[in-house]
Amino acid sequence: MHLPFALLGIDSDNGSEFINQELLRYCRSEHITFTRGRAYKKNDGCFIEQKNYSVARRAVGYARYEGASDLKCLNELYRQLRQYTNFFQPVMKLVRKERHGAKVKKTYDAPKTPYRRLLALPGIAKAQRRQLDAQYAQLNPAQLERDITRLQQRLIRGAHTRSRACRHRPGVQPRHDTRT
């Protein structure tokens with residue numbers, strides 16, 4: 001895990017890709033509380049879904065990636081994205097909502113990176129702070145961006161090559177995803 005604090009619980013989606021014996025076994029062995037989202041309550045995971053689009057889908061799109069080389073490339077891309085997003089991409093958190101008739105006034109706090117938010121928490125141990133500071137000091141945001149772009153291009157080339165290969169084989173239809 002790449003978390004600078006103890007993981008106390010996982011609240012997963014309801015799909016079988018999330019709820020499985022392997023994850024349950026892991027949670028039990030690590031003493032992590034495992035719960036699932038409530039059935040038919042689609043707003044339970046709205047913040048996670050927001051990050052799924054704004055980080056993951058914007059970075060890798062909706063193409064189908066297959067094979068060991070794509071997996072290796074995706075894992076490296078996600079490692080770079082994790083560092084870039086957590087250390088260099090500030091976000092604003094919603095502090096409160098006030099309803100005035102039909103209008104809703106939202107108040108946000110000052111933009112901060114997840115790294116800065118984590119350092120502001122009182123429960124973070126000094127050793128963890130030093131480790132995060134050392135990791136931050138070694139990062140170069142411009143190099144991270146170049147690495148992310150290079151990995152994205154490699155994934156796109158691989159997906160494009162597979163798509164062209166399918167079109168040239170008789171009787172094989174390429175898979176197309178209509179989402180944008």
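**A guide to the helical core and the hairpin**

Phe88 touches Gln83, Thr113, Tyr136, Leu139, Pro141 and Leu144, leaving aside residues up to four places away in sequence; contact here means heavy atoms within 4.5 Å. The model is predicted, so local features need pLDDT of at least 70 and side-chain atom pairs count only at pLDDT 80 or more, while totals for chains, interfaces and linings use all residues. Residues are numbered from 1 along each chain as its sequence is written, and side-chain values use heavy atoms, with hydrogens and water left out.

Phe88 also belongs to the largest nonpolar core, which has 19 residues; Phe88 is among those with the most contacts inside it, together with Val60, Leu77, Phe87, Leu132 and Leu155. A nonpolar core is a set of buried Ala, Val, Leu, Ile, Met, Phe, Trp, Tyr and Cys residues joined through side-chain atoms within 4.5 Å. Buried means under 20% relative accessible area, exposed over 50%, and partly exposed in between (1.4 Å probe, protein chains only). At least two residues of this core come from each of helix H2 (46–60), H3, helix H4 (114–120) and helix H6 (141–168). H3 gives the most, with seven residues. Helices (H or I, at least four residues) and strands (E, at least two) are DSSP runs, numbered from the N terminus.

Gln80 also lies in helix H3. Gln80 counts as buried because its relative accessibility is 5%. Beyond residues up to four places away in sequence, Gln80 touches Leu144, Asp147, Ile148 and Leu151.

S3 and S4 run antiparallel and are joined by six bridges; two strands pair if DSSP finds at least two bridges between them. They form a hairpin with two residues between them, and Gly101 in the turn has a positive phi of about 65 degrees. One of the pairings links Arg96 to Thr107, its bridge partner in S4.

Tyr108 is found in strand S4 (residues 103–108). Because its relative accessibility is 40%, Tyr108 counts as partly exposed. Tyr108 touches Met92, Lys93, Leu94 and Val95, not counting residues up to four places away in sequence. The C-alpha atoms of Tyr108 and Lys97 are separated by 9.1 Å, and these residues are eleven apart along the chain.

Met92 lies in the loop between helix H3 (67–88) and strand S3 (94–100). With Leu94 and Tyr108, Met92 makes a nonpolar surface patch of about 300 Å². Accessible areas come from the Shrake-Rupley method with a 1.4 Å probe, and for residues only the protein chains shown count as cover.

Methods. Patches are made of residues with over 30% relative accessible area and no salt bridge: like charges are joined within 9 Å, nonpolar side chains (Val, Leu, Ile, Met, Phe, Trp, Tyr) within 5 Å. A salt bridge is a side-chain nitrogen of Lys or Arg within 4 Å of a carboxyl oxygen of Asp or Glu.
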